[in-house]
Amino acid sequence: MSPGKKEGGVEHEAVTNFREYLRIPSVQPDVNYDDCVKFLKKQAMSLGLPVRVYSVVLGKPIVVLTWEGTEPTLPSILLNSHMDVVPVFPEKWTYDPFSAIKDKNGNIFARGSQDMKCVGIQYLEAVRRLKSKGVRLRRTVHISFVPDEEIGGKDGMAKFVNTADFLELNVGFALDEGMASPTEQFPVFYGERSIWHMFIHCPGTPGHGSLLLHDTAGEKVRIIIDRFMDYREKEKKKLEQDPNLTVGDVTTVNLTQLKGGVQSNVVPPELIVVFDVRLAVTVDHAQFEAMVNGWCAEAGPGTYIEFEQKEPKVQVTKLDSSNPWWIAFRKACNDMKLELKQAIFPGGTDSRYVRGVGLPALGFSPMNKTPVLLHDHDEFLNEDIFLKGIDIYCQIIPAVANVPPPKK
């Protein structure tokens, strides 16, 4: 019998809850989170847990369920997930992306099945199972559901971590999303690169397209593009030559937009080149910015950087004996014989805001033997993998929530 079924072929309640959550179209942009909040309040009631809805930004609710520990004054555990999902192209999907169709193999197709409504429900179902067994944990566990992660989290976790309400949660350690793994391994992410979105303005002499004018915008753009793409090539080679590296270990550079000009026979007064850069955690931010400013000076007078986004350097979470949360997490995984792969997350998650206020956080989604389909068409998660994830959290949550206080 499949782990996804109960006796008589009835679907497991956890899978039913998961599919119900997936059917809520909390899709960017302009998400209405009302149905998510109603669903989560219903879950809180079924779990017998108090729930609070915080409103840091109007229309961007933050839902927190709380399972109080036996020593509630100790720093708590935060289990975080986000409610929103990225847009879809329905014509590219085999099934309606918000129908949560389950095929004969137990694959559940829906936007958010991997990123990351699965993890939110796995937290809740693990707590449900632990509570039903009469388990009590030393530390309080908060299960948070936040908005707008898929558009940068600026009105969600980024603001919430700086409020008195967040401080009151007394968080000591957080878990957040990771990603699927097509192998036996389970990635665990302990840091993230810093996102810099740069607009390089290249002004120049305007005029007729039949002339060879001096100091044109196009000449400056050529130098800027050459320097950025040379740097990109160097990072590509670094990644290709070391099999132990992942994309999260290098700085990625991508030219994403070219702006300017009015018509084909007019030399423009300015062209703008846009780059998406993700700085590796080993990069010195001041040195990198100085290097780009040097390229601007080389390109010619008036060339300058405008930052659309410029994230600060955030310290990674330590994976050594100095971090008791990591020791507890790793031991629980070792006891289950899970093969962990430590990595820097290639994209951006809300973990960076938690780490940014000095708290340790790990990114972990228990989805191995699963193709990576976050943001892709036909995103799916198999129900047996989903249920196995609940088993895993049933070990990890008590492990970190029972970490003893430091000896005085």
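The note takes the chain as a whole and then turns to its rings.

1. This is a predicted model, in which local features need pLDDT of at least 70, side-chain atom pairs count only at pLDDT 80 or more, and totals for chains, interfaces and linings use all residues. Residues are numbered from 1 along each chain as its sequence is written, and side-chain values use heavy atoms, with hydrogens and water left out.

2. The chain has ten helices and 17 strands, these being DSSP runs numbered from the N terminus (helices H or I, at least four residues; strands E, at least two). The radius of gyration of the chain is 24 Å, which agrees with the value near 22 Å that a compact globule of 408 residues would have; the radius is taken over C-alpha atoms, and the globule rule is 2.2 Å times the number of residues to the power 0.38. Along the principal axes, the C-alpha trace spans about 80 × 55 × 45 Å.

3. Of the 408 residues, 52% count as buried, where buried means under 20% relative accessible area, exposed over 50%, and partly exposed in between (1.4 Å probe, protein chains only). Among contacts (heavy atoms within 4.5 Å) between residues at least 6 apart in sequence, 79% join residues at least 24 apart.

4. The model holds 20 aromatic pairs, a pair being two rings of Phe, Tyr or Trp (its six-membered ring) with centres within 6.5 Å; planes under 30 degrees apart count as stacked, over 60 as edge-to-face and the rest as tilted. The rings of Tyr95 and Phe109 have centres 5.2 Å apart and planes at 55°, so this pair is tilted. Tyr95 lies in the loop between β3 (76–82) and β4 (101–102), and Phe109, 14 residues apart from it, in strand β5 (residues 107–109). Tyr95 is partly exposed at 30% relative accessibility, whereas Phe109 is buried at 11%.

5. For Phe364 and Tyr393, the ring centres are 6.2 Å apart and the planes stand at 85°, so the pair is edge-to-face. The pair links the loop between β16 (361–363) and β17 (380–382), which holds Phe364, to helix α10 (residues 383–401), which holds Tyr393. Phe364 is buried, with a relative accessible area of 1%, and Tyr393 is buried at 1% relative accessibility.

6. Ring pairs also join Trp196, Phe228, Tyr231, Phe275, Phe288, Trp295 and Phe307 into a cluster. Lys310 lies over the face of Phe307, at 4.6 Å from the ring centre; a charge sits over a ring if NZ of Lys or CZ of Arg is within 6 Å of the ring centre and within 35 degrees of the ring normal.
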